[in-house]
Amino acid sequence: MAYASITGWGKYLPERVMKNSELEKLVDTSDDWIVTRTGIRERHIVGDDEATSTMAVAAGKKALEVAGLQPQDLDLIILATCSPDRIVPASAAYVQHALGASKAAAFDAMAGCSGSLYALVTAYQFITSGAYKNILVVGSESLTRAIDWTDRSTCVLFGDGAGAVVVQANEHSTDMLSFILGNDGSGADLLYAPGPCGKLTNGITNGHYYLHMDGSEVFRFAVNTLVDVAKQVVAAAGLKISDIDLLIPHQANQRITKAAMKTLHLSSEKVFVNLDRYGNLSAASEMVALCEAAEQGRIKEGDLVVLVAFGAGLSWASMVLRWQPKS
Ligand code: UT7
């Protein structure tokens, strides 16, 4: 039995920032509505010469640097995304080549906004089984490319960017104390983006593969899931919610986070928020947030951190970490 822990982290946000005031010129909305109903003030938009894979490379390089690893040390790259460069091949293949990670296997993970935590849990399985030693997990999205900029109910929500972590084998202990993965496919049509190929999209032409969301149904699911899954994952680690030093929830809507904080009796110092600056980064959300929490010193050696994601699928994923990046 081998042990695993996160030893490196990095993020990349594209240069272009779109403030709410810019959206006021595109659709019938207002900065006030967006801030009050979602908590979002601005988001980054992928550049014309960028893609999910290029942003993943930028975030991945930083994570490798923090971990003190070379790309050739990697055994596996898992890229979580809802907006791959192409349906085939996996965007992780482009990341592997651009990084020069010649020994690494590479694949994409798709589980909506929960994808990066699905990928992270998978990385722990490969390492604790003894199969691999060094894995790069990336969440990267250029989902604004699938946004209908005339639909005010979705275009104000999403942003682009990438976050990455390195998971490494060590000889002492595993920082992941518990995890939960789940899905309820009966809600699969509540949040979807029909890609340009595949059985369900026959007859759909270019430009008609926009993301669709039943906002209020997904909102209800999100509030309940965030609370239930946080309670379950903390109990599975043999802990109480009051033991937690920092909750890092998927950044979808500040009202979802606030409702959960109230039910879980968590003060704002114990909950990480960057939604105001980035919007909903989908599968990149948890990775960017974890990276920023580490960079800002919001998590210290020995802290108990809970990550909870939810989204299309309808999927959820969560884990408790005892932060020990120097293992
Ligand atoms: O990452 C995956 C998980 N995703 C989520 O968790 C998202 C969950 N859903 C939400 O965050 C919220 O449901 C939204 C932010 C999408 C919508 O907020 P809401 O408070 O649920 O609004 P609503 O859909 O109930 O709409 C209320 C009103 C409607 O007008 P009427 O019918 O009352 O006249 C909408 O047309 O707000 C209107 N509206 C807007 N008004 C101004 C919807 N979008 C906008 C907008 N600007 N951008």
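Visitor: What makes the residues lining the second largest pocket nonpolar, polar or charged?

Guide: They divide into 13 nonpolar, ten polar and four charged. Ala, Val, Leu, Ile, Met, Phe, Trp, Tyr, Cys and Pro count as nonpolar, Asp, Glu, Lys and Arg as charged, and the others, Gly among them, as polar. Bear in mind that this is a predicted model, where local features need pLDDT of at least 70 and side-chain atom pairs 80 or more, while totals for chains, interfaces and linings use all residues. Residues are numbered from 1 along each chain, and side-chain values use heavy atoms, without hydrogens and water.

Visitor: Which residues are closest to the centre of that pocket?

Guide: S153, L157, M213, G215 and N253, out of 27 in the lining. Helix 7 gives the most, five residues, and the volume is about 520 Å³. (A pocket is an open set of 1 Å grid points where a 1.4 Å probe fits, with protein on both sides within 12 Å along at least five of seven lines; lining means an atom within 4 Å of a point.)

Visitor: What makes strand 1 and strand 5 edge strands?

Guide: The open, mixed sheet runs 1-7-6-4-5. Strand 1 (3–12) and strand 5 each have a single partner, so one side of each is left without a neighbour in the sheet. Pairing takes at least two DSSP bridges; strands are DSSP runs of at least two residues, helices of at least four.

Visitor: How do you know that strand 4 and strand 5 pair?

Guide: Five bridges join strand 4 (76–80) to strand 5 (105–109), against the two required, so they pair. They run parallel, and I77 has A106 as its bridge partner, while A80 has A109.

Technical notes:
Grid points are joined across faces, edges and corners, and a volume is the space filled by probe spheres set on the points.
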